[in-house]
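Visitor: I am new to reading protein structures. Could you walk me through one, feature by feature?

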Amino acid sequence: MAKIFTPTNQIRLTNVAVVRMKKCGKRFEIACYRNKVVSWRNNVEKDLDEVLQTHTVFTNVSKGQVAKKEDLVKVFGTDNATDICKEILAKGELQVSDKERSSHIDSLFKDIATTVAERCINPDTNRMYPVTMIEKAMKDCHISVKPNKNAKQQALEVISQLKTVIPIERAQMRVRVTLSGKEAKKLREKMTQLISKVESEEWSDGTLNMVCLIDPGHFREIDEIARVETRGQGTLELVNLKEMQEGEEEF
């Protein structure tokens, strides 16, 4: 019985996600586990072995065609497959089917809406919006999801767009600020430009104690003033992460 010949430069893989990269006129591909490429690019997944099905560089994954060593050296300057795989992971294009792409976008759309709903309120009522209402508003704005950016990054962009169709603001944070020293009054004036509302203010022996509401986007800047510009004589304490009324908006 004749032996079946299997080419030594072919590797058969199934159920893979392919990342493709064209460089110097040549095409290179790597075989990855599904859903792991994005995690790697977002620094969530750190273990390369959890991302790659094999530390092999291909010219065509589906046909199992392995790239030639001399081509790797010519194009990448090395034949170290792991280093080349990392470059392709970072710069290559993830190949997905239309069905997978649609499913990913639908899931990301819902994640963005959920993130917005968790972080925002209707400023007229001080209540949260239901996720379904945020989703409807996003559709009314014709917001297009960017598949290569995570939900948290896109949520901040979406909030400003939603303001054209619904009243919406980020939920305020309640903080307690303590300022002391010669510059306390000057720094208080600087800080109030970043504060939405001062709820209480008390001076005692040259030290200011103030409870106020701030936009979460100003937290770092206010913290910088309180801790650094006072040379350690000021503090910023978070009292409530989100200031809002209980319950949700109703349709």
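Visitor: Let me start with one side chain. Is Lys23 buried, partly exposed or exposed?

Guide: One note before that: this is a predicted model. Lys23 has a relative accessible area of 24%, so Lys23 is partly exposed.

Visitor: What about the whole protein? What share of the residues counts as buried?

Guide: The protein has 251 residues, and 37% of them count as buried. As for its parts, there are 8 helices and 11 strands. Look at the contacts too. Among those between residues at least 6 apart in sequence, 65% join residues at least 24 apart.

Visitor: Back to Lys23. With which residue does Lys23 form a salt bridge?

Guide: The general idea comes first. Side chains of opposite charge can pair when their charged atoms come close. Here Lys23 pairs with Glu87, and the closest N and O atoms are 2.8 Å apart. Lys23 sits in strand E1 (residues 17-23) and Glu87 in helix H3 (residues 81-91), so the bridge ties together parts that are 64 residues apart in sequence.

Visitor: How many salt bridges does a search of the whole structure find?

Guide: The search finds 15. Take another one: Glu135 with Lys110, where the closest N and O atoms are 3.9 Å apart. Glu135 belongs to helix H5 and Lys110 to helix H4 (residues 98-119), so this pair ties together parts 25 residues apart in sequence.

Visitor: Is Glu135 buried or exposed?

Guide: Glu135 has a relative accessible area of 14%, so Glu135 is buried.

Visitor: Which residues are linked with Arg27 in a network of salt bridges?

Guide: Arg20 and Glu29 are linked with Arg27 in that network. The Glu29 and Arg27 side chains meet at 3.6 Å, N to O. Compare their surroundings. Glu29 is buried, with a relative accessible area of 3%. Arg27 is partly exposed, at 30%.

Visitor: Now the aromatic rings. How do I read a pair?

Guide: A pair of aromatic rings is described by the distance of the centres and the angle of the planes. The count here comes to 1 aromatic pair. The ring centres of Phe28 and Phe76 are 5.1 Å apart and the planes stand at 65°, so the pair is edge-to-face. The cut-off for that class is over 60 degrees.

Visitor: Where do Phe28 and Phe76 lie?

Guide: Phe28 is in strand E2 (residues 26-32) and Phe76 is in helix H2 (residues 69-76), so the pair ties together parts 48 residues apart in sequence. Both of these Phe residues are buried.

Visitor: What about helices that pack together?

Guide: Two packed helices are described by the angle between their axes and the distance between the axes.

Visitor: Which residues of H7 and H8 meet?

Guide: From H7 come Leu187, Lys190 and Met191; from H8 come Ile222, Ile225 and Ala226. By class, the contact has 5 nonpolar residues, no polar ones and 1 charged.

Visitor: Last topic: the backbone. What is there to spot in phi?

Guide: Most residues other than glycine have a negative phi, and most peptide bonds are trans. Asn43 has a positive phi, near 65°. Asn43 lies in the loop between helix H1 (36-41) and strand E3 (58-60), and counts as exposed at 55% relative accessibility.

Visitor: Which residue with a positive phi follows H5?

Guide: His142 follows H5, with phi near 55°. His142 lies in the loop between H5 and helix H6 (151-162). At 69% relative accessibility, His142 counts as exposed.

Methods: Residues are numbered from 1 along each chain as its sequence is written. This is a predicted model: local features need pLDDT of at least 70, side-chain atom pairs count only at pLDDT 80 or more; totals for chains, interfaces and linings use all residues. Side-chain values use heavy atoms; hydrogens and water are left out. Contact means heavy atoms within 4.5 Å. Helices (H or I, at least four residues) and strands (E, at least two) are DSSP runs, numbered from the N terminus. Ala, Val, Leu, Ile, Met, Phe, Trp, Tyr, Cys and Pro count as nonpolar, Asp, Glu, Lys and Arg as charged, and the others, Gly among them, as polar. Rings of Phe, Tyr and Trp (its six-membered ring) pair if their centres lie within 6.5 Å; planes under 30 degrees apart count as stacked, over 60 as edge-to-face and the rest as tilted. Buried means under 20% relative accessible area, exposed over 50%, partly exposed in between (1.4 Å probe, protein chains only). A salt bridge is a side-chain nitrogen of Lys or Arg within 4 Å of a carboxyl oxygen of Asp or Glu.
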